[in-house]
Every structure is written in C-alpha cells, then in structure tokens.
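Subject: Structure handover, strands and pairing

Hello,

Here is the structure we talked about. Please have a look, then read the notes below.

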Amino acid sequence: MLARSRPLILDPLSGHPESSLHVANLNLRGTIKELAQLDGAFVVSREGIFLSACRYLDAVTAEVNVPLGLGSRHIAAANMSAVTKAVGIVVSESSVVRLFCHGHLVGEIIPEVWMMDHAQLGGAVKREQVGELTILTPSLRQTPIAK
Amino acid sequence: MGKVRSFVIERLNLLGGPFIQIRRGDYPKRWDLMMFESILCQVTEYDPEVLESLIGLAVEIAR
C-alpha cells in the first residue's frame, strides 16, 4: 500500500508510538475524524495500526468493477484493492460508506442504519406504516434505579 | 424518544452479487445484521474486530 501511494502533505501520523495509532484508541479516533477533512487516504495495517494519512493512491488497473456514478475516490480505492490485498473503505460525499475488496464493491452501508444496529435499538419496537414509509419507534428503556 | 425511519437504504450489495433493490416500506427483519455479516465474510483474511472498528470509524466520519 505504502509503495503504491505517496504523501500529499507531511504525514501528521508520523513519529507517534504504535500504541497510540491503533484504531481502538479513542484519542486516535478523534484525530482521524479531524484528519479525514483533509485530502487523501489513510493507510491502516492489518493489525489496525494507522500507518499514514493524507496519501494519494497511485494504483491503476483495468480489472475493477465500480458502478457508474461513483467518483474518483471510489475508483482509487477499487484500484488499490485490486492490485494489493488491501480492503478499501470509502466515505462518499453522500455519506454512504462503501467497501471494496479485490477490485469489487462488496458492501454499502448507510450510516443511520449502522448506528441503529450499534445503538441496540432492537427489542420491542413499534412499527407503523404510512404509505411507503415505515416508522420504527424503539421502546423507552428502563433506567436502573440506584439503591 | 424520536422516531427512526427505516427506508434510508434503497439498495444493498450482498456477497458481491447483483444489487438487491429494497423498496421503501420493505424492511426484512434484521436485514442490517445480515448485511454486516456478509461484508465481514467477504474479507475473512482480516481480523473482523479491526475491520468492524474501521467501518464504525468511517460511519462516524460520514455522519
């Protein structure tokens, strides 16, 4: 990945200890969200260590399968996933998160749906149908009362 | 408690297969979990915990 990309600016993640660059580190997550406003891609190791930020992905191949309508960042991620073993995770301008693997689009995630799942909105849910619109209203959770 | 609209996804791509159109109002039970499990199955060479954490971070950035 690093060999097939180049920095667009001086790397802001360079020189930090590995322990502070792991994806599970909450301090890092805030930093990554800020750096995501800048141009370029992050390179992450298979162990979840952020190796570099703001990189221009320089891989090109014809063996990618990108649906029409997706732009250059998707094509760059698809190309990189085709020529390396990397998985490409792309945040689109329309806020959809897409995953590329071996040059193919393998998943699309709508943030709201992901948050619904991870906020544990399961359980008792009231379902209403208004025309084509389905409205799910989670039940209020009982807050434990401290003794 | 606010209401959660369920029609935000209109298409999914499961296991690299053809796009499956989900019409508004169609909401298969637990389909969101199915989608995520499918994605993680596609890239088994990577630690699912790391990948899921990265996807979660991407979702936070998207929001």
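Two strands count as paired if DSSP finds at least two bridges between them. The model is predicted.

First, the open sheet. Chain A has 3 strands in it, in the order 1-3-2, and the pairing is antiparallel. Strand 1 (5-7) and strand 2 (41-44) of chain A each have a single partner strand, so they stand at the edges, with one side of each left without a neighbour in the sheet. From one strand to the next, the twist averages 60°.

Strand 1 of chain A is joined to strand 3 (residues 50-57) of chain A by 3 bridges. These two strands run antiparallel. A:Pro7 has A:Arg55, in strand 3 of chain A, as its bridge partner.

Next, the hairpin. Strand 4 of chain A and strand 5 of chain A form it, with 5 residues between them. In the turn, A:Ser95 has a positive phi of about 75°. The two strands, residues 87-91 and 97-101, run antiparallel and are joined by 5 bridges. A:Val90 has A:Arg98, in strand 5 of chain A, as its bridge partner.

How many residues of strand 4 of chain A are buried? The count is 5 of the 5, so this strand is largely enclosed by the rest of the structure. In a regular strand, side chains alternate between the two faces of the sheet. In strand 4 of chain A, A:Val87, A:Ile89 and A:Val91 point one way. A:Gly88 and A:Val90 point the other way. All of these are buried.

Best wishes

Key
Residues numbered from 1 in each chain as written. Chains lettered and ligands numbered in written order. Predicted model: local features only at pLDDT ≥ 70, side-chain atom pairs only at ≥ 80, totals over all residues. Helix = DSSP H or I, 4+ residues; strand = E, 2+ residues; numbered from the N terminus. Axes fitted to C-alpha atoms, helices over the stretch in contact; angles between N-to-C directions. Buried ≥ 20, exposed ≤ 12 C-beta atoms within 10 Å, placed from the backbone.
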